[in-house]
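Me: I would like to go through this model with you, one packing arrangement at a time. Could we begin with a pair of helices?

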Amino acid sequence: MPIATKVQQGERLSFDDGVALYRSGDILAVGWLANLVRERMHGDIAYFNVNRHINPTNICVASCRLCAFGRKKGDAGTYTMALEEAWETAATGLTEAVTEFHIVGGLHPDLPFEYFMDLVRGLKVRFPKVHIKAFTMVEVAFLAKRGKMTIPETLERMKAAGVDSMPGGGAEIFADRVRHIICDHKIDGSEWLDTARMAHQIGLRSNATMLYGHVENEEDRVDHLLKLRAVQDETGGFQTFIPLSFHPDNTALAHIPRTTGMLDLRQIAVGRLMLDNFPHIKSYWQMVSPKMAQISLRFGADDIDGTVIEEKIYHDAGATTPQGMRRADLVRLITEAGREPFERDTMYRAVTRSEDSFTVAV
């Protein structure tokens, strides 16, 4: 059966369908199908939020060839925030009444587990209404190992400290062949998926990412999407899929050219078509540029992320997008794309705000 017929009838696409979508010469047809699914699920709504990134440390034991953010202990340019400093950083974003703190950082060899729990507890005391989305599957596995705890125990303690949900980073590409080249020091793909599964089982929802545009091929990408889809069938715990374009500058893979706009749009569209059980597909404006994020709202994306305020990881890898955007800028981007701006909290509930406070529709 042709892919278009399957999509129109709401039937699930296969591995071969996914490969065919990546190889199709007709990007507009792929985008049209993705937009069909996107509008079936969300109509004209495009989601955004007012969030702040906090990266507590860039010291990292891993030596991922894809990363320009992590530094070895003792290297120039390393930093680790004192708790008070992290809390102050969080407060500087509250001018627009932030609804989410997004916390990810390096795998620090010396920081104890309790540093991270104290960080979260301190944020909860100071900003009780703000949702805390913290620690990737990679960080959880590392903290569990360092603290001599099981992963479920680590997740339970995170949740008790005040972690409300988890970001989707560190997934990269699940295929072993690719992981050995780009991030050999991280947990493997099946461990990432197992950690996500365990988080979902205790009620922590998470996002999921895929890093594309480096040494992977079309089959590796489809394999990645199908593995995410299978876990989602099982747990229903993934909220949003976020394709991340590889930024090669200042990494060990700097010889690889940057992704093109066509690949960025195709990745959004294929993600929407293959991940039929994911509620949301995000076009992360920090990585693809605000202009491409706008266009992607017609290629399957229903979310363009948030205000961010300060983002270090992709800017260290040469991103030239702004460090943050004001709420009004995001509203304008969405409106001019012919979509209806919908400010959400992390759980996709409506946010109503005055200038410096917000209420969430529960």
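Predicted model: local features only at pLDDT ≥ 70, side-chain atom pairs only at ≥ 80, totals over all residues.

Me: Which hand does the crossing of α7 and α9 have, left or right?
Reply: The crossing of α7 with α9 is right-handed.

Me: And which residues make the contact?
Reply: Helix α7 contributes Ile151, Pro152 and Leu155, while α9 contributes Thr195, Met198 and Ala199. By class, the contact of α7 with α9 holds 5 nonpolar residues, 1 polar and no charged.

Me: Another pair, then. At what angle do α2 and α10 cross?
Reply: Helix α2 (residues 15–23) and helix α10 (residues 218–235) cross at roughly 130°, and their axes come within 9 Å. That angle makes α2 oblique to α10. The crossing of these two helices is right-handed.

Me: Which side chains are involved, and how many are charged?
Reply: On α2, the contact is made by Phe15, Gly18, Val19, Tyr22 and Arg23. On α10, Glu218, Glu219, Arg221, Val222, Asp223, Leu225 and Leu226 take part. The residues of the contact of α2 with α10 divide into 6 nonpolar, 1 polar and 5 charged.

Me: Let us turn to the sheet. What is the order of its strands?
Reply: The order is β9-β1-β10, in an open sheet of 3 strands with parallel pairing. Strands β9 (303–306) and β10 (340–343) are the edge strands, each pairing on one side only. From one strand to the next, the twist averages 25°.

Me: How many bridges link β1 and β9?
Reply: Strand β1 (residues 45–49) pairs with β9 in the parallel sense over 2 bridges. Tyr47 has Asp303 in β9 as its bridge partner.

Me: Which helix packs on that sheet?
Reply: Helix α15 (residues 327–336) does, touching β1, β9 and β10. The direction of α15 makes about 165° with that of β1.

Me: Last topic: what is the average pLDDT of the chain, and where does pLDDT stay under 50?
Reply: The chain averages a pLDDT of 90, with 92% of the residues scoring at least 70. Over residues 311–315, pLDDT stays under 50, and the model has 19 contacts beyond four places in sequence for that stretch.

Definitions and conventions. Residues numbered from 1 in each chain as written. Heavy atoms only, no water. Axes fitted to C-alpha atoms, helices over the stretch in contact; angles between N-to-C directions. Helix = DSSP H or I, 4+ residues; strand = E, 2+ residues; numbered from the N terminus. Parallel < 35°, antiparallel > 145°, perpendicular 65-115°, else oblique. Left-handed = near helix turned anticlockwise from the far one by under 90°. Contact = heavy atoms within 4.5 Å. Nonpolar A, V, L, I, M, F, W, Y, C, P; charged D, E, K, R; others polar. Pairing = 2+ DSSP bridges. pLDDT = per-residue confidence, 0-100.
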